[in-house]
Amino acid sequence: MKVTATAYNSLSYQTDSSPLITAFGDSLKPGLKYIAVSNDLLRKGLKHNIPVKIEGLEGIYWVKDKMHPRWKNKIDIYMGTDVKAAKLWGRKKVCIDYGIPIKD
């Protein structure tokens, strides 16, 4: 699936007064490979704890947060407190694969 990908940090001015807690109630910690997804993508199967591969990034990311309802066809990649890395990522169109089997 092709989506717009941006990045976010666990800082209160980017999220809310509890920047280390996701909308699903999970705790964020810098270094974890998590994403937030728009509500329309939740309805398409990118549900809480689904594994996701993102074009251009290594490893598996996990759906751990959801975005404001105004966003459509969008993911937000968690980049801890590294604002510079998030700005460097910017906004990109990427392909994602989700619900992929995890090899032991």
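## Strands and barrel

Strands are DSSP runs of E of at least two residues, numbered from the N terminus, and two of them pair if DSSP finds at least two bridges between them. This is a predicted model, in which local features need pLDDT of at least 70, side-chain atom pairs count only at pLDDT 80 or more, and totals for chains, interfaces and linings use all residues. Residues are numbered from 1 along each chain as its sequence is written, and side-chain values use heavy atoms, with hydrogens and water left out.

Six strands form a closed barrel in the order 1-5-2-4-3-6, with mixed pairing. On average, neighbouring strands of this sheet are turned by 50 degrees against each other, direction ignored (axes are lines fitted to C-alpha atoms). Strand 3 (residues 51-54) pairs with strand 6 (residues 92-98) in the antiparallel sense, over three bridges. V52 has Y98 in strand 6 as its bridge partner.

## Aromatic pair

Rings of Phe, Tyr and Trp (its six-membered ring) pair if their centres lie within 6.5 Å; planes under 30 degrees apart count as stacked, over 60 as edge-to-face and the rest as tilted. One aromatic pair is counted by this rule. Y8 and Y78 form a tilted pair, 5.6 Å centre to centre with 55 degrees between the planes. Y8 lies in strand 1 (residues 2-8) and Y78 in strand 5 (residues 74-78), so the pair ties together parts 70 residues apart in sequence. Both Y8 and Y78 are buried (under 20% relative accessible area, 1.4 Å probe, protein chains only).

## Lysines over tryptophan rings

A charge sits over a ring if NZ of Lys or CZ of Arg is within 6 Å of the ring centre and within 35 degrees of the ring normal. K74 lies over the face of W71, 3.6 Å from the ring centre. K92 lies over the face of W89, at 3.9 Å from the ring centre.

Terms used
Helix = DSSP H or I, 4+ residues; strand = E, 2+ residues; numbered from the N terminus. Axes fitted to C-alpha atoms, helices over the stretch in contact; angles between N-to-C directions. Buried < 20%, exposed > 50% of the residue type's maximum accessible area, 1.4 Å probe, protein only.
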